[in-house]
Amino acid sequence: MRTHPLGSTGPQVSALGLGCMGMSALYGEADRAESVATIHAALEAGVTLLDTGDFYAMGHNEMLIGEALRKAPAGLREQALTSVKFGALRGPDGNWTGYDGRPAAVQNFAAYSLQRLGVDHIDIYRIARVDPDVPIEETVGAIAELVEKGYVKHIGLSEAGAETIRRAAATAPISDLQIEYSLISRGIEDRILPTTRELGIAVTAYGVLSRGLISGHFTRDRQLAATDFRAFSPRFQGENLDHNLGLVEALRKIAEQKGVSVAQLAISWVLSRGEDIVPLIGARTRERLAEALGALEVTLDDADLNAIEAAVPADSAAGERYPQAQMAHLDSER
């Protein structure tokens, strides 16, 4: 598996990272033993970047990764790089109550994450959403203090807009920006991606399969649990879903001609956008992991890319990527 630096200041990482959120929350029930086995399989395949958030099932996901790392052979454990998001506030009922980027809160969140993960440092640390009430300079400055003390190795950002990225980078070295990027979520291409490239900041792209929507496995009649994010995600509702699945069928024709799966085609498209972009694959099972890793063997030529662009033009998806209330919290959308 190819590797490259995560931005001009970040660590060397694998071409794909593993997003572990779905192993704990938001996509229905997950099997803990299979989740641990999937993390081990990813490490064995050369995947180095494990992404999580301290608020994923209120710490469950960090503890899951901690368990997987404890049970992994020493060599695999040592190659693992942890990417952690913090700052999202939740109540006992699971409801979201806001974001906290105050320096004292940053220190507090980090202390708990280190304990749950069972590590002495976090490789990449970032606030999940920019706190509108706290200057980004203060939040990033607090992470920089953790870097100085050895508790964090690199500073990241998440869902930040171009101006915020510039202000953060003027405060301390930023390794990467984590943000949604896929065939049907291309909003970063106008201002954000040019900014990260100007500043030498990499992108870790989440949602590369749009939460399974463009994986080729999602069907119109699929029943979603009430706890599944997609049950209220705009792109999975009514006519929006019908339209978006039509885009998937157009992709399927191209995938079949190349002898690959729809998921592999969608992941390889993100990989084709530049070596400064690391797709996070949200595989919850070894089967889906193996399929996603197959994207590394797919080569897209100009004819393929033109066909994909014709099948799924930019801005062709129906529905926003989050419900309206959550879209309001995205600095990247302002």
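Ala, Val, Leu, Ile, Met, Phe, Trp, Tyr, Cys and Pro count here as nonpolar, Asp, Glu, Lys and Arg as charged, and the others, Gly among them, as polar. This is a predicted model, where local features need pLDDT of at least 70 and side-chain atom pairs count only at pLDDT 80 or more, while totals for chains, interfaces and linings use all residues. Residues are numbered from 1 along each chain as its sequence is written, and side-chain values use heavy atoms, with hydrogens and water left out.

**View 1. The largest cavity.** A cavity is a set of points on a 1 Å grid over the protein atoms alone where a 1.4 Å probe fits but cannot get out, and lining residues have an atom within 4 Å of a point. The largest cavity takes up about 30 Å³, a volume being the space filled by probe spheres set on the points. Around this cavity sit Glu180, Ser210, Arg211, Leu213, Ser233, Arg235, Phe236 and Arg321. That lining splits into two nonpolar, two polar and four charged residues.

**View 2. The second largest pocket.** A pocket is an open set of points with protein on both sides within 12 Å along at least five of seven lines. This one has about 430 Å³ of space. It is lined by 27 residues, with Arg186, Gly187, Ile188, Arg321 and Glu333 the closest to its centre. Its lining comes to ten nonpolar, six polar and eleven charged residues.
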